[in-house]
Amino acid sequence: MSNPLEVKRTSPLKTMAPLIVFLCIALAWSVYWYIALGKAKQKLAALEAAHVTLKCDQRSWGGYPFRVHFDCTGVSADLSGTDLTADKLRLIGQAWNPSHIIGALFGPVNINGLKISGDPVRFSYRSKNGSLALASLLAEKQSIALSADKQLTIAKTEAHLRPAADTPRLDLSITLSNLSTGEAQLDSFTVTGALDQTIPREGSFELLSEPSNYFDAVWIARYLGDLDDAEMNAAQAVINPLLKANDNKLPIQLKDQTWYWGPFAVATSK
């Protein structure tokens with residue numbers, strides 16, 4: 001018969017067992033995180049070597065224990081001949097899911113001298129078997145300074161890019177909401193179509209646009225392209241046949257390093 005007043009002794013090893021297990025898990029996870037960090041650095045280095053020249057006033061890595069994040073302040077980048085500067089670039093990945101990267105570009109952002117201000121531009125990149133599965137972008141409350149006295153504001157921009165079914169091309173969808181200039185306002189402007197995996201300067205793509213109101217869109221195009229009355233009259237003479245031929249949508253094309261929306265030259269690509 002046991003003595004109820006007898007003090008039971010517990011082995012010190014049993015007492016320490018939960019702590020030992022926790023320390024082993026923490027050590028194993030730390031090793032895994034540092035391996036994930038090393039792989040993230042390798043991927044960024046490969047991206048810089050193949051596609052983009054990225055310069056930073058300061059670079060930093062962190063995110064332990066559950067994330068891997070990269071910060072680049074004082075951003076200066078060259079992407080296929082396009083010059084871009086920004087205050088900061090941040091890339092974040094979950095340590096256990098390196099195939100999904102989210103990021104943000106903090107402005108003002110300058111693209112080939114075009115100044116864009118507003119909320120941070122957020123983006124997401126998902127890959128599968130090393131290739132693009134889905135890329136998305138969201139920018140809100142953006143103001144684009146076209147010149148010292150010309151400005152375009154866009155309340156919201158959404159863009160999605162993914163592989164097209166059964167082809168080596170990419171499906172593209174862009175929606176611009178509440179475009180406004182000093183002369184006109186447009187509720188929405190959508191662009192849908194397909195483009196090649198690698199886009200040359202002249203582009204290989206099939207893009208169609210659909211504004212919520214063509215009359216307002218034409219006035220915005222005139223504002224952006226500095227079209228005079230003669231050019232507007234010539235454009236209006238061909239716009240109706242183009243609409244009928246393209247299911248009430250206008251094509252977007254790149255010719256001689258100039259972007260055209262139907263007959264309107266609206267931007268230049270270097």
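Predicted model: local features only at pLDDT ≥ 70, side-chain atom pairs only at ≥ 80, totals over all residues.
Is Trp29 buried, exposed or partly exposed? Trp29 is partly exposed, because its relative accessible area is 26%, and that value falls between the 20% cut-off for buried and the 50% cut-off for exposed. Tyr32 gets the same label, partly exposed, with a relative accessible area of 34%.

The structure holds eleven aromatic pairs. One of them is Trp29 with Tyr32, a tilted pair with 5.1 Å from centre to centre and 35° between the planes.

## A stacked pair across the sequence

A pair of aromatic rings is described by the distance of the centres and the angle of the planes. Now look at Tyr214 and Trp261: their rings are stacked, with centres 6.1 Å apart and planes at 5°. Why does this pair tie together separate parts of the sequence? Tyr214 belongs to helix α2 (residues 214-225) and Trp261 to strand β15 (residues 258-261), so the pair links parts that are 47 residues apart in sequence.

Both residues are tucked away: Tyr214 counts as buried at 13% relative accessibility, and Trp261 counts as buried at 5%.

## His69 and its neighbours

Head over to strand β3 (residues 67-79) and you'll find His69. It is buried, with a relative accessible area of 16%. Which residues does His69 touch, leaving aside those up to four places away in sequence? They are Ser60, Trp61, Gly62, Gly63, Leu91 and Ile92.

Most residues other than glycine have a negative phi, and most peptide bonds are trans. Here are some exceptions to look for. Tyr64 and Pro65 are joined by a cis peptide bond, with omega at about 15°. Pro65 is in the loop between β2 (58-62) and β3. A cis bond also joins Gly107 and Pro108, where omega is about 10°; Pro108 is in the loop between β5 (97-106) and β6 (109-111).

Then there's phi. Lys141 isn't a glycine, yet its phi is positive, about 55°. This lysine lies in strand β9 (residues 131-147) and counts as exposed at 62% relative accessibility. Asp247 also has a positive phi without being glycine, with a value near 55°. You'll find Asp247 in the loop between α3 (229-245) and β14 (250-255), where it counts as exposed at 62% relative accessibility.

## Zooming out

How many helices and strands does the protein chain have? There are three helices and 16 strands. The radius of gyration is 26 Å, well over the 18 Å that the globule rule gives for 270 residues, so the chain is more spread out than a compact globule. Along its principal axes, the C-alpha trace spans about 110 × 40 × 35 Å.

Of the 270 residues, 29% count as buried. The chain exposes about 16,900 Å², and carbon and sulfur atoms supply 58% of that area. Among contacts with a separation of 6 or more, 40% come from residues 24 or more positions apart. As for charge, the chain has 26 positive and 26 negative charges, and their mean positions are 15 Å apart.

Terms used:
Residues numbered from 1 in each chain as written. Heavy atoms only, no water. Helix = DSSP H or I, 4+ residues; strand = E, 2+ residues; numbered from the N terminus. Rg over C-alpha atoms; globule rule 2.2 N^0.38 Å. Buried < 20%, exposed > 50% of the residue type's maximum accessible area, 1.4 Å probe, protein only. Contact = heavy atoms within 4.5 Å. Areas by Shrake-Rupley, 256 points an atom, 1.4 Å probe, with all protein chains shown as cover. Lys, Arg positive; Asp, Glu negative; His and termini not counted. Charge placed at Lys NZ, Arg CZ, Asp CG, Glu CD. Phe/Tyr/Trp six-rings, centres within 6.5 Å; stacked < 30°, edge-to-face > 60°.
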